[in-house]
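User: I have a structure to learn from, and I want to know what stands behind each label. Please take me through it.

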Amino acid sequence: MAVTQRFILIGCLLRGVICSEEYTGFSISMPPSIATLRGSCVLIPCQFEVGYYYRSKVKNLETVSWIKGSPTRYTVLESNGYESDEYSVRGNVTGNFRVQNCTTILMNLQKDYEDNYHFRLGAPIHYTYRTPVKISVSESPPNPQVTPPAAVKEGSPVSFTCSAAAPCPTLPPALTWTQGVNGSVDQQEVENQDKTQSVSSVLTFTPSHLHHGHTITCTALYSLQPQNKMAEETATLDVLYSPKNTSASVSPSGSVLEGSSVTLTCSSNANPPVSNYTWFKVTGDQATQRGSGQNLTFNVTEPSDSGQYYCEAQNEHGAETSTQVTVTVTVKYMPRILNTLRCIKTTADITCQCEVQGDPSPTVEWLLSGQRLRNDSVEGVIKEELLGNGALRSSLTLRMLGETDIIECLSTSRLLFHISSSGNDCPSLLLPYIGIGVMAVLCILIVFFVQRNKWYVFMKIITLCKAPFTEEQLQEASK
């Protein structure tokens with residue numbers, strides 16, 4: 001061969017022609033490597049080129065062959081069907097080598113088939129290509145490749161593509177989807193850039209927000225002997241959607257004391273996450289904005305803070321409002337005497353009226369010289385009338401009254417505060433001054449009794465002084 005090429009080169013020089021690679025060169029096109037499975041086959045896509053000088057001889061090629069290992073090793077496969085018991089491999093040159101197609105399939109590959117394979121042209125050319133294809137044989141198939149789409153907006157069609165190598169075209173892998181979605185599947189065989197084969201499957205469906213974060217799996221099943229092999233790959237769907245399942249909650253729930261704090265919390269599911277929370281209070285047919293943020297905390301200062309509240313969650317894809325939650329403000333205060341105790345005396349009896357107001361609704365008791373009066377007793381008759389807004393009017397009618405008897409109206413509520421008002425039917429002009437002096441002395445003693453933890457006595461002093469203390473102030477003073 002070398003001698004022939006020298007003569008060609010000398011002839012070219014004598015004619016003044018530059019003998020280029022195009023004229024005398026050899027080249028071959030095939031994948032640098034192909035992976036396959038033990039017990040399967042492998043297709044070697046192959047196309048060779050010869051220089052212009054040899055093109056006419058290609059048409060007269062008698063045989064082509066494959067050499068395993070280095071170019072000078074043993075021939076393992078010939079196009080004429082010759083097999084060596086020691087070195088041969090099973091296979092066929094399926095391409096028409098007389099038109100420079102050297103595509104070959106190797107059958108029932110085993111681990112000892114792994115090596116470099118060189119293609120050789122037989123007579124009349126006799127040339128072995130130096131560029132090999134490397135065949136690797138594995139026990140398990142490679143994972144298929146799943147191409148997930150970029151983030152997709154809810155309601156827009158999306159496609160997942162799964163591709164698996166098919167080194168043996170007669171036994172391509174079967175691709176299946178485990179997705180839990182309703183979609184269409186399109187599967188086909190694909191030729192890669194290096195001429196090897198693959199199987200491609202495309203899953204198309206329209207996702208909702210429920211599919212966000214959903215895992216989709218593609219499984220490739222290879223039919224082999226003695227058992228099938230499979231591999232799988234997963235991908236996660238990223239769905240962009242506006243806020244969903246928006247809800248509002250209030251803490252504490254139920255009635256809230258005036259002056260206490262209330263926290264409203266808004267919850268919503270969105271992708272990307274909610275960027276803005278807005279709170280509204282419903283008044284009649286109007287909604288007034290009350291604040292922003294996922295949590296809204298405010299102090300209830302008056303009953304008008306009661307009402308219906310809702311939130312709106314928003315991101316770049318839209319907004320959603322929650323259902324309404326109710327805030328109920330309960331104004332609780334110690335009972336108070338609305339009017340001074342009034343008594344009217346007739347020749348037959350004496351009638352006294354006492355009006356009180358409080359929240360919770362107060363109760364009224366009548367005392368005669370420190371003794372509690374019962375309704376319809378011998379001493380007198382008690383009647384009560386609800387006036388609304390936590391007000392109560394109690395009337396006492398006495399049939400007899402001593403000159404030194406004192407009538408007292410005592411009001412209590414579940415807040416444990418009590419207040420009283422007292423008098424008699426013949427008040428003296430000195431009584432106001434005496435009362436003021438006594439009350440002053442008793443009020444001065446408050447500190448003494450508080451420090452002694454005399455809570456009950458302290459409450460009585462508060463009652464007589466009629467001091468407007470709040471529940472919190474009294475509880476703090478009792479510590």
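Analyst: Start with surface. Accessible areas come from the Shrake-Rupley method with a 1.4 Å probe, and for residues only the protein chains shown count as cover. The accessible surface of the protein comes to about 27,000 Å². Carbon and sulfur atoms hold 51% of that surface. This is a predicted model: local features need pLDDT of at least 70, side-chain atom pairs count only at pLDDT 80 or more, and totals for chains, interfaces and linings use all residues. Residues are numbered from 1 along each chain as its sequence is written, and side-chain values use heavy atoms, with hydrogens and water left out.

User: Why is histidine 211 called buried?

Analyst: Buried means under 20% relative accessible area, exposed over 50%, and partly exposed in between (1.4 Å probe, protein chains only). Histidine 211 has 17%, so it is buried. Of the 479 residues of the protein, 38% count as buried.

User: Where does histidine 211 lie, and which residues does it touch?

Analyst: It lies in the loop between strand E17 (197–205) and strand E18 (215–222). A contact means heavy atoms within 4.5 Å. Leaving out residues up to four places away in sequence, histidine 211 touches Val181, Phe205, Thr206, Leu237 and Val239.

User: Why are phenylalanine 26 and tyrosine 54 called a tilted pair?

Analyst: Rings of Phe, Tyr and Trp (its six-membered ring) pair if their centres lie within 6.5 Å; planes under 30 degrees apart count as stacked, over 60 as edge-to-face and the rest as tilted. By this rule there are 12 aromatic pairs. Phenylalanine 26 and tyrosine 54 are 4.9 Å apart, centre to centre, with 40° between the planes. Therefore they pair, and the pair is tilted. Phenylalanine 26 lies in strand E1 (residues 26–29) and tyrosine 54 in the loop between strand E4 (47–50) and helix H3 (55–58), so the pair ties together parts 28 residues apart in sequence. Phenylalanine 26 is buried at 13%, and tyrosine 54 is buried at 2%.

User: What makes the pair of phenylalanine 26 and tyrosine 127 stacked?

Analyst: The angle does. The planes are 15° apart and the centres 3.9 Å apart, so the pair counts as stacked. It links distant parts of the chain: tyrosine 127 is in strand E10 (residues 127–128), 101 residues from phenylalanine 26. Ring pairs also build a cluster, with Trp66 and Phe119 among its members.

User: How do you know that E16 and E17 pair?

Analyst: Two strands pair if DSSP finds at least two bridges between them. E16 and E17 have 8, in the antiparallel sense, so they pair. Aspartate 186 stands opposite valine 202 in E17. Both strands belong to an open sheet of 4 strands, in the order E12-E14-E17-E16.

User: Why are strand E12 and strand E16 called edge strands?

Analyst: Strand E12 (145–147) and strand E16 (184–191) each pair on one side only.

User: What puts arginine 290 over the face of phenylalanine 298?

Analyst: A charge sits over a ring if NZ of Lys or CZ of Arg is within 6 Å of the ring centre and within 35 degrees of the ring normal. Arginine 290 is at 5.0 Å from the ring centre. Phenylalanine 298 also stands opposite valine 262, in E25.

Methods: Helix = DSSP H or I, 4+ residues; strand = E, 2+ residues; numbered from the N terminus.
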